[in-house]
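Please look over the structure below with its sequence beside it. The paragraphs that follow take up a helix, then a core, then charged pairs.

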Amino acid sequence: MGQAEDRWPRWVYDEGDEPDPRFSFANERTFLAWIRTALALVAAGVAVDVIDLDASAALQRALASVLVVAGLARAVLAWVRWARSERAMRRGIPLPSGGAAAALAGAVVVAAGVLVLVL
């Protein structure tokens, strides 16, 4: 149990040394925080679609779609970031940067701006 052959994804665990568990747990907590953010974005998108706003149906649907797509993308990117960070720790190399967070922040700012203008 715990061998690289038994763990998925294999490309993360197939080389390097087992890192300090504290670092792996911190990486997992970061992953879970991004998953919570993704769920909040999806919930916000559903709420924008369901609540009757003083906006056209097309604008409301577009805003809801942007929020839901941003949430789904963040969930996928959270997993990719977790895997890349875990692999970097195992290899003893610097952790990868989190550049996708800037794109998410931009999408949220645009969505919030549209909501402010509509309300």
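How many residues has H4, and how far does H4 reach from its first C-alpha to its last? H4 has 19 residues and reaches 27 Å, close to the 27 Å expected at 1.5 Å a residue, where the expected span is 1.5 Å times one less than the number of residues. Helices here are DSSP runs (H or I, at least four residues), as strands are (E, at least two), numbered from the N terminus. This is a predicted model, in which local features need pLDDT of at least 70 and side-chain atom pairs count only at pLDDT 80 or more, while totals for chains, interfaces and linings use all residues. Residues are numbered from 1 along each chain as its sequence is written, and side-chain values use heavy atoms, with hydrogens and water left out.

The buried residues of H4 are Leu104, Ala111 and Val118, buried meaning under 20% relative accessible area, exposed over 50% and partly exposed in between (1.4 Å probe, protein chains only). Seen down the axis of H4, these buried residues fall within an arc of 55 degrees, so they line one face of the helix; the arc is that of the directions from the helix axis to the C-beta atoms. The face turned away from the buried side of H4 carries the exposed residues Ala102, Val109, Val110, Val116 and Leu117. H2 and H3 are among what covers the buried residues of H4.

Leu104, Ala111 and Val118 also belong to the largest nonpolar core, which has 12 residues in all, including Trp34, Leu41 and Leu67. Such a core is a set of buried Ala, Val, Leu, Ile, Met, Phe, Trp, Tyr and Cys residues joined through side-chain atoms within 4.5 Å. Helices H2 (21-50), H3 (57-91) and H4 (100-118) each give two or more residues to this core, and H3 gives the most, with five. Leaving aside neighbours within four places in sequence, Leu41 is in contact (heavy atoms within 4.5 Å) with Leu67, Val68, Ala70, Gly71, Leu104 and Val108.

The charged side chains give seven salt bridges, each a side-chain nitrogen of Lys or Arg within 4 Å of a carboxyl oxygen of Asp or Glu. In one of them, Glu15 pairs with Arg87, the closest N and O atoms being 3.2 Å apart. Glu15 lies in the loop between helix H1 (10-13) and H2 and Arg87 in helix H3, so the pair ties together parts that are 72 residues apart in sequence. Arg87 is buried, with a relative accessible area of 14%, whereas Glu15 is partly exposed at 33%.
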